[in-house]
Amino acid sequence: MISCAPSEAATCETIKCKDRQHCLTDLKTHKPRCVSCSYKCPRTKRQQGYGKPFREAKNSLFNDHNVKLCGTNNRTYHSWCHMQKDSCNTGFYIDVLHSGTCSFGR
């Protein structure tokens, strides 16, 4: 556990994540988050059988063929897996803003 003085904000440079985890900066809070970055996402054309636990948890919001999510970076993703993979590639934790495509300019 790391304790920081009120004037010192924790960053990815000042914390150590567990083995096989990477530090990402949260886009909303600007605080560091340790996450697993070993995502192998299905191709978007063959999405039907993948992501079942996520869909079961949100089964009233998404259908099996077209799971689109708007991330906190205002980018539309084909699935939660693709959004998390982009988080790991960019170094910023991206969360779900809402289901469906992002609307730009609003």
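Q: How many disulfides does the predicted model have?
A: The count comes to 5 disulfides.

Q: And what is the pairing, with the bonded cysteines numbered in sequence order?
A: In that numbering, the pairing reads 1-3, 2-4, 5-9, 6-8, 7-10.

Q: Which cysteine forms a disulfide with Cys17, and how far apart are their sulfur atoms?
A: Cys17 is bonded to Cys34, with the two sulfur atoms 2.1 Å apart. Cys17 lies in the segment before S1, whereas Cys34 belongs to strand S2 (residues 32-36); the two are 17 residues apart, and the pair links distant parts of the chain.

Q: Why is the disulfide of Cys17 and Cys34 left-handed?
A: The torsion about its S-S bond is about -80°, so the link between Cys17 and Cys34 is left-handed.

Q: Is Cys17 buried or exposed?
A: Cys17 counts as buried because its relative accessibility is 15%, under the 20% cut-off.

Q: What does Cys37 join to?
A: A disulfide connects Cys37 with Cys88, at an S to S distance of 2.0 Å. Cys37 is in the loop between S2 and helix H1 (52-57) and Cys88 is in helix H2, so this pair ties together parts that are 51 residues apart in sequence. The torsion of about -85° makes this disulfide left-handed.

Q: Is the link of Cys70 and Cys102 left-handed or right-handed?
A: That link is right-handed, with 110° about the S-S bond. Cys70 sits in strand S3 and Cys102 in the segment after S6, 32 residues apart. Both Cys70 and Cys102 are buried.

Q: Changing topic to helix H2: which of its residues are buried?
A: The buried residues of H2 are Cys81, Met83, Gln84, Asp86 and Ser87.

Q: What covers the buried residues of H2?
A: The cover includes strands S1 (21-26), S3 (69-71), S4 (76-77), S5 (92-93) and S6 (96-99).

Q: Why does Asp86 count as buried?
A: Asp86 has a relative accessible area of 13%, and buried means under 20%.

Q: What does Asp86 touch, leaving out residues up to four places away in sequence?
A: Asp86 touches Asn73, Arg75, Tyr77 and Ile94. With Tyr77 there is also a polar contact of 2.4 Å between the side chains.

Q: Finally, what follows H2?
A: Gly91 follows H2, and its phi is positive, near 85°.

Terms used: Residues are numbered from 1 along each chain as its sequence is written. This is a predicted model: local features need pLDDT of at least 70, side-chain atom pairs count only at pLDDT 80 or more; totals for chains, interfaces and linings use all residues. Side-chain values use heavy atoms; hydrogens and water are left out. Buried means under 20% relative accessible area, exposed over 50%, partly exposed in between (1.4 Å probe, protein chains only). A polar contact is a pair of N or O atoms within 3.5 Å; within protein, one must be able to donate a hydrogen and the other to accept it, and residues adjacent in sequence count only if both atoms are side-chain atoms. Contact means heavy atoms within 4.5 Å. Helices (H or I, at least four residues) and strands (E, at least two) are DSSP runs, numbered from the N terminus. A disulfide is a pair of cysteine sulfur atoms within 2.5 Å.
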